[in-house]
Amino acid sequence: MKAVILSFLFGTLVHSVQAQTESPVKDYRNFPIVISLQFHALSMPFRDMRTNFKNIGVGIGTEVSLNGNHDWVQQFQAIWFPNKSVGNGLMFYTQFAWRPYLASDAFAELKAGAGYLIASRPVDSFRWTNNQWQPVGRKGKGMLVLPVGVSLGYNSYSADVYLAPFISYQFMLLKGYNASVPLVPETLIQAGARLHPVW
Amino acid sequence: MKPKTNHAHFISIIFILSCASIPKEITDATCHESAIQNQSYSRSDEVHKALVKLVESGVPGVAVSIYSNEGWWSDATGYARIEDQTPMKSCHLHYLQSISKTYVAVAVLKLFEQGKIDLDAAITRYLPDTISQYVTRAEEISVRMLLNHTSGIAEYNFAPKYVSYLLQHPNHRFNPMDYLGYIKGKPLDFEPGSRYSYRNTNYVLLALMTDAITGDHAKFITETIFNPLGLTQTYYRAEDGYLTYPQLINAYWDRYSDGIIENASEMQRTNVASMIGDDGIVTTPMEAVKFLKGLMEGKLVSLTTLDMMQQWVTDRQGKPRYGLGLSYIKIIGQEGMGHSGGGIGAGCELYYFPKKNVFVFTGINLGTVTDSPIHAQAEEAREALYEAILN
């Protein structure tokens, strides 16, 4: 799976970027609404991908272009995902994305950034306070997250609507899971769309 | 508690595990007290105070069993299960975790005494090719090197693929070949026999070797160790549900190292049920002591073999660390031997202090393989416990 995705992505990139001297996106607008489904797993990259589809969450975000060709953008996302085994997560992150445009209106992305994950516990928990155990619910922990990802998408726009559906694969490192485990790997498969609604 | 390593692995020695929800079948942690109590034990007050101190440090529950020149003493305090405040009792079953290695070592040494194993022969002589092919340079590794952790074989639970899968699938039952799959093709960490480094993989291989020779290592352990010593409350893969017995303690884990603990019994149980050789036995505190006492009294292996078990390999600082299934320890100035065990939701120690002729088992239902701020205070209470018992 890994080899297929990477060879497809980068093979297409090499072939297509050569011809790009200016952005084909003539109708790009900043601050679209980005809505997505999130498929989460605690796993090494490109492993155990079936588990991703058991933990389905949602995300919302936006982005802003950093140059005239709109092939460098900064993205902002807030996502929530359930995970019965390791605890649910609420994550905020930003990524810088390089978005080379491929043949026709297709595009790819390579992106990296940073964020913050608030991860809850999967079960009710207890704290020893005043010489007795006090329930504290599923109280979680905030952790720094370093996500890197790849995406494929397609710009579809007309006078009425701008819509860019995409799929992404994100690999994230969680820092400071506990004192003995400095880093924990997690993955997200994301499917969504960038859109500018017509108000 | 399992020895910790300094390896800065991507994910290190963790059994970082989680549990989804607590199934109804593990809501019990009940047992009926039947332990022998010695009302005249002169250190009972001090020992009990130390146990209370341990619980006040944030350990849910603790049980201890002691055999000394004064006879038997058992005590327990805290909770076997927090949720319904089930008291910890001396009759509860505890996870022996890595103390199981001593039992497996004894089984292998019984085969040695029966002439069925040469400790200095290559493991390829006893392991089927289908298993030894997983081990790099298996023909250069001897049975003894597995027993005293000088083989250099890679540690399966250092593998990030294993750890992350275990985290996400706390109820997945692994089999031994799954574990060996994580070390297949990995280079040895050092030249075989050149130094000591604790590896759970060594004892998985010893269990598989004993399977190959006896047909069933768990049955062999039951017949040659549990039965002769009359250990009727000690269980190892006796039946599929042996870890669902209601007298088994609930297990707790400080997932985020912040002093908050969660009930990790389901994951603990599945994890322990998966492991062979390096873990897997549950028992009462008293029966744990009976095992070590029986071993030291020569009821399981000959005194010559027992001496061999105490030929310590040293660490890089030249300090004695490990024999054949026994580890060397020095606590509050007292030399001891036995083993420790640690899991995601439990920890324990079983030691014999020859100069004092004291045997001690201590079991807690808080995980010890990942750090917790609770551990620092618990460590002080542990020292106070040994002070009370030995000094």
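Visitor: How many aromatic pairs are there over all chains?
Guide: The count comes to 24 aromatic pairs over all chains, where rings of Phe, Tyr and Trp (its six-membered ring) pair if their centres lie within 6.5 Å, and planes under 30 degrees apart count as stacked, over 60 as edge-to-face and the rest as tilted. One of them joins Tyr162(B) and Phe174(B), edge-to-face, at 5.1 Å centre to centre with 65° between the planes.

Visitor: Where do Tyr162(B) and Phe174(B) lie in the chain?
Guide: Tyr162(B) is in helix H5 (residues 160-168) of chain B, and Phe174(B) is in the loop between H5 and helix H6 (176-181), 12 residues apart. Helices (H or I, at least four residues) and strands (E, at least two) are DSSP runs, numbered from the N terminus.

Visitor: Is Tyr162(B) buried or exposed?
Guide: Tyr162(B) is buried, at 0% relative accessible area, and Phe174(B) is buried at 4%. Buried means under 20% relative accessible area, exposed over 50%, and partly exposed in between (1.4 Å probe, protein chains only).

Visitor: Which residues do ring pairs link into a cluster?
Guide: The cluster consists of Tyr156(B), Tyr162(B), Tyr165(B), Phe174(B), Tyr179(B) and Tyr182(B).

Visitor: And the model itself, what is it?
Guide: It is a predicted model, in which local features need pLDDT of at least 70 and side-chain atom pairs count only at pLDDT 80 or more, while totals for chains, interfaces and linings use all residues. Residues are numbered from 1 along each chain as its sequence is written, chains are lettered from A and ligands numbered from 1 in the order in which they are written, and side-chain values use heavy atoms, leaving out hydrogens and water.

Visitor: Which lysine lies over the face of Tyr67(B)?
Guide: Lys293(B) does, at 4.4 Å from the ring centre; the criterion is NZ of Lys or CZ of Arg within 6 Å of the ring centre and within 35 degrees of the ring normal. Lys184(B) lies over the face of Tyr134(B), at 4.9 Å.

Visitor: Now the sheet: what is the strand order?
Guide: Four strands form an open, antiparallel sheet in the order S7(A)-S6(A)-S6(B)-S5(B), where two strands pair if DSSP finds at least two bridges between them. The edge strands are S7 (132-137) of chain A and S5 of chain B, each pairing on one side only.

Visitor: How many bridges join S6 of chain A to S6 of chain B?
Guide: Three bridges join S6 (residues 125-129) of chain A to S6 (residues 260-263) of chain B. Phe126(A) stands opposite Ile261(B) in S6(B).
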